[in-house]
Amino acid sequence: MCLGVPMKVVEVDPAVGELGGLRCKINLSLLDSVSVGDYVIVHAGYAIEKLDEKVARKTLQFMSTLSRGGSRTAPTPGHDRI
Amino acid sequence: MKYMTEFRDKELARGLAQRISSLLDGSASGGYTIMEVCGTHTMNIFRYGLKGLLPANLRLLSGPGCPVCVTPTSYIDQAITLAHVPGVIICTFGDMLKVPGSESSLERLALGNVKVVYSTADALSMAEANPDKKVVFLGVGFETTAPTIAASVLEADRKGLGNYFVLCSHKTMPQVMRSLVEDVGARCNVPLQGFICPAHVSTIIGSRPYEFLAREFGIPCVIAGFEPLDILHGIYMLLGQIVRGEARVEIQYSRVVRPEGNPRAQAVIEEVFEPCDAEWRGIGVVPMSGLGLRGRYQRFDAALHFSIPAPKTREPKGCLCGDMLRGVKTPPDCPLFGRACTPSHPVGPCMVSSEGTCAAWFKYQGESK
């Protein structure tokens, strides 16, 4: 039930999200500032958080290095934003 | 970056699983037991065949993080009572329809006034479009869903809607995790060594509410995303802590989750709800693990408005859902599993929800170990 899907915000007033060509109305009232082009996690029609692309890329990079056998002791990315 | 397919790469998944195996190979311990608290993790572990990739000495337990599964029978009975009140429209997330109450389920009753909605916004529209009816939303879910329900109450308040109500059964995770740690320790010989914490509950509440698990109980926690690579990466991080003898709360799902969570969503919850004791199916009453409407919003409380009598409930005979939810049994231990209890004829709630442990085992049992 806690499933949330990443959607691209294509309109903000009223807000519309897009995923795989499908568009639906979303509610942005739980977030402070959202712009067209942002990706958000949508749960039950509400955007509950923005996705951080820079951190996502770092995580993927880290997973890729780890998967190939490297960086076993390197810290997980993203903690620099803490 | 679409944030989905990138995190489902098969080759990377195999590599991560190998890293997990080599991490455990070098350690002295005979076996490891960790729990994924959230039903969405359980479902995706099965859906993506992750169990088959993981080493045999790693035991994954499913937890109580499936809102439908932990909803008590009495709540379903109350919803059914309300559905029979003339002029009432019940709005609910689809998962709730099949959950058996003492005598029947909302689906079996096949009433025309029970509507499946995707969002509380749909329920509000229903209330606006039907001013002569009373719309009751079945408010079930954890911290992920609570702000969306709270927001609908605020919206109804702003619009002066007098015919929108919520039948509250919201629950919060950290409190039940505490009871679980105390309970599993007491009742079962399986030492729980770590938690994979829920992705989207944590999106709202952040990482801090789990810190007591590390501090008081020495149990490491990792907040992992729901995609297969996230789950494997999260397990790797968790086992890393266990092997090194550490206990911290780490965030794997850092592209979404911040330590402080989503303060705006927390403020909306705080405005509308206050903590209360809550009954969890199979676990019992857990102190302050629920959310009830605050005094100034009590006119939206369906239980108060309709003053529904507390029903006398009957739990299904032989059903072990309670043990599944505490992680002390697995579905094959249940005599009903796959025989009297199947997804088309569920006896217990863990077989009803698509995220229930029993439903996941039933659907993917051929691929599980």
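**Note on the A/B contact and on Ser62(B)**

1. Ser62(B) counts as buried because it has 30 C-beta neighbours inside 10 Å (buried means 20 or more other C-beta atoms within 10 Å of a residue's own, with C-beta atoms placed from the backbone). The model is predicted: local features need pLDDT of at least 70 and side-chain atom pairs count only at pLDDT 80 or more, while totals for chains, interfaces and linings use all residues. Residues are numbered from 1 along each chain as its sequence is written, and chains are lettered from A in the order in which they are written.

2. Ser62(B) sits in strand E2 (residues 58–65) of chain B (strands are DSSP runs of E, at least two residues, and helices runs of H or I, at least four, numbered from the N terminus). Leaving out residues up to four places away in sequence, Ser62(B) touches Glu36(B), Thr42(B), Met324(B), Gly327(B) and Thr357(B) (contact means C-beta atoms, placed from the backbone, within 7 Å).

3. Chain A gives 35 residues to the contact between the chains, and chain B gives 45. Elements giving two or more residues on the chain B side include helix H1 (10–25), helix H12 (228–244) and strand E9 (249–251).

4. Helix H1 (residues 53–67) of chain A packs against H1(B) at about 60°, their axes 8 Å apart (axes are lines fitted to C-alpha atoms over the stretch in contact, and angles run from 0 to 180 degrees between N-to-C directions). Met63(A), Ser64(A), Leu66(A) and Ser67(A) meet Leu12(B), Gly15(B), Leu16(B) and Arg19(B) there.

Conventions. Two residues are in contact if their C-beta atoms, placed from the backbone, lie within 7 Å. A residue is buried if 20 or more other C-beta atoms lie within 10 Å of its own, exposed if 12 or fewer, and partly exposed in between; C-beta atoms are placed from the backbone.
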